[in-house]
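User: I am new to this structure. Please walk me through it in short questions and answers.

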Amino acid sequence: MRRLIPTPAGLGMLVLLLALTVLRWARVWDGTISLCLGVALGLTGKGETVLPGMYEQWIAVVVWWFFLIFLLFVVVRHTSRVQQRNNVSSSPGLIPRRLSSLVLATMLFVSLTSSLLVPVPPNVQGNLLNSRLLPPLARGMLIIDIGEDREGDGTSLEGRFRFLQRKLLDSRVVLSGPDEKGNEPRPGVSEGSRNDFHFLFGSDDAGRDVLSRAIAGARVSLGIGLAAALASLLIGAFIGLAAGLGGRWMDVLLMRLTDLALAIPGIFVAIGLVAFFGQSILTLVLVLAGLGWMGTARIVRGQVLVLREREFVLAAGLLGVPAWRIAVRHLVPNLLPVLVSATVLQFANAVLAEAALGFLGLGVQPPTASWGNMMGEALGSLQRGWWIGLFPGAMLASVLVAAHSMAEDSPGP
Amino acid sequence: MGLLTLVFFLSRLLPGDAGTLFLSPTVSPEAAERLRVQFGLDRPVPVQYILWIRALLEGNLGLSFSFNAPVREILARVFPNTIILAIPALFLEMLLAVGLVAVAKRHPGSTIDRLLSRGTLVVYALPTFWLGFILVMVFSYWLGVFPSAYMWSAGSEGSSPVDLVRHLVLPSLTLAIPGAAGLARYLASTVGDVEKEEYVLAGTSMGLTHWTVFRRYILKNSMAPFISFMGTEIGGLLAGALVTETLFAWPGMGRLAVMAIFARDYPLVLGCTLLAGVVVIVGNLMADILQAILDPRVRLE
């Protein structure tokens with residue numbers, strides 16, 4: 001635990017990771033998708049098409065890998081430490097710690113590999129005559145628009161088609177070719193259809209597969225939640241450390257600022273900001289982070305005020321170690337358990353807030369699926385199709401419950 | 001004051017001004033200009049800010065662009081509906097929380113106690129709209145007991161209180177349940193501390209029943225943190241009202257705020273945010289005052 005981020009190198013890695021995650025989020029996702037496509041094609045031997053975006057793919061691999069390792073490491077070490085301290089006997093309640101971390105890890109995994117897991121791409125519509133509002137397990141027809149060849153080199157189109165072919169069990173997908181009159185299909189646009197697709201979780205009002213959308217929504221919702229939680233962790237930890245170490249005036253100033261931020265009715269301001277600045281994913285992340293750092297800041301400040309009277313910090317101060325180095329080497333490692341639980345809680349809050357915004361129609365814009373906007377769309381056809389909102393809501397609820405019970409099991413401030 | 005400034009400047013910084021946004025392209029530039037002058041949008045921003053604050057102090061919140069009516073009137077018409085929804089929800093929340101804790105702490109550490117403490121965590125974490133979703137599905141579509149939306153049945157607006165209560169059940173439950181779970185958790189932890197006190201032991205050894213001890217000794221002494229929590233909970237209720245009112249098409253402030261945002265009706269958005277802020281602050285203040293009345297120790301400080 002102590003060895004995890006005490007070194008500047010470790011901290012640098014964390015910052016790099018964060019910068020990559022937040023600034024290049026879209027690129028990381030593009031890379032992830034294209035990576036997954038590549039893996040899928042390679043595994044099935046259907047084609048050796050090299051998809052564009054090798055660079056993004058590598059960013060994606062590095063970021064996700066580091067991130068998962070980091071997360072797992074923190075969580076595992078942390079829980080074992082808490083178990084040791086409490087002699088394990090801390091109320092093994094309704095949701096055991098292992099189960100909640102398993103749920104979280106699974107959902108994160110689903111969100112990472114969503115493009116591999118979806119039965120069909122999430123925005124593919126069924127036949128509007130007979131595939132709308134199908135109950136779970138029903139069969140219907142899907143029409144797949146493979147899209148335009150934006151790059152103009154034919155490779156991405158080819159790749160996407162092969163991917164779809166595999167997803168829809170190849171031979172039954174028909175790529176529309178020249179029609180009877182001999183007209184070529186529109187250049188760069190292709191369509192395929194499949195007659196007997198199983199809608200496991202049913203289909204929505206536009207004939208789209210709810211399961212695929214729920215899986216794709218996991219990526220959007222959890223991605224935004226994670227990025228927002230990490231960003232508010234950074235802001236909160238920085239402000240808390242500055243307030244705790246910076247002397248009396250700094251403390252008063254920063255804590256007044258925090259109180260002010262806490263007094264603002266967050267969700268009202270959030271919907272205002274998001275509605276006015278546009279609903280891009282980056283905006284959402286920034287807004288959610290900007291409204292969520294206060295809890296972390298307060299907890300960190302409280303801990304720092306206690307820690308800075310401890311002998312090892314005093315000794316370091318007497319030896320002339322500069323304040324930032326004390327913060328990084330001596331305080332942050334000791335703050336880690338608190339930070340983890342605050343961040344997990346913040347993650348839950350951000351995911352919930354994103355979902356609420358999406359539900360109100362102010363979050364991620366359709367047709368991109370997120371759990372929130374799926375619930376909002378489901379509201380319109382609630383009477384005719386209960387399954388549309390039930391499944392994404394259940395996934396959302398499971399993540400929230402898992403995160404809350406994990407934060408609960410960790411030591412509080 | 002900080003809230004005012006923040007809200008004002010955020011709304012002015014934003015792209016496009018209301019004059020251009022709510023006029024259609026067919027309106028001549030001169031007419032648009034006249035309108036901007038009429039709304040005072042041609043003045044420099046600091047002047048607008050000072051004018052706005054002055055108007056605010058006189059209780060004038062400006063004119064809503066989309067309703068073409070004073071914001072104050074719209075809020076005055078709509079806010080009571082939110083109160084009608086929020087007050088029963090608040091009481092329901094307290095009732096549920098105290099009831100749950102009373103049942104759970106009958107035998108501290110028993111299976112029921114542990115189950116409830118974990119169960120409340122689960123319920124607390126559930127998203128409001130999903131809960132509402134399930135309630136509507138079960139109670140209005142499958143069982144057909146309660147209506148799923150609106151405040152009154154069509155054609156009988158304001159006629160019978162029974163109708164209103166029937167419409168009130170699902171939204172107030174949706175609003176109350178997650179809050180009640182949070183409250184119960186909080187109360188349970190306070191009660192857990194209080195019941196270790198010696199006066200509780202004394203009460204029990206005097207032969208008082210469990211319920212009497214709980215009511216007279218434990219609950220009363222757990223009240224102070226409970227009330228301050230309620231103060232913060234009012235903000236939570238407002239945020240919940242945003243979603244709940246949209247879900248149940250309840251004509252309250254939350255739904256108004258969402259509509260105002262979609263219509264880019266800045267004065268109305270400002271009004272809603274301000275009112276929400278004021279309610280939160282008043283809630284906290286009331287909690288502080290109540291606490292001072294109930295707990296002499298707070299008064300002395």
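Analyst: Helices (H or I, at least four residues) and strands (E, at least two) are DSSP runs, numbered from the N terminus. This is a predicted model: local features need pLDDT of at least 70, side-chain atom pairs count only at pLDDT 80 or more, and totals for chains, interfaces and linings use all residues. Residues are numbered from 1 along each chain as its sequence is written, and chains are lettered from A and ligands numbered from 1 in the order in which they are written.

User: Which residue takes a positive phi just after α7(A)?

Analyst: Helix α7 of chain A covers residues 210–245. Just after α7(A), a phi of about 95° belongs to A:G247.

User: How many of the 36 residues of α7(A) are buried?

Analyst: A residue is buried if 20 or more other C-beta atoms, placed from the backbone, lie within 10 Å of its own; it is exposed at 12 or fewer and partly exposed in between. α7(A) is mostly covered, and its buried residues number 33.

User: Why is A:Q303 buried?

Analyst: A:Q303 lies in helix α11 of chain A, residues 294–307. A:Q303 counts as buried because the number of other C-beta atoms within 10 Å is 20.

User: Which helix of chain B has the lowest mean pLDDT?

Analyst: pLDDT is the predictor's confidence in each residue, from 0 to 100. The mean for chain B is 76. Among the elements of chain B, helix α5 (residues 71–104) has the highest mean, 86, and the lowest, 48, belongs to helix α2 (residues 18–22).

Note on methods:
The expected span of a helix is 1.5 Å times one less than its number of residues.
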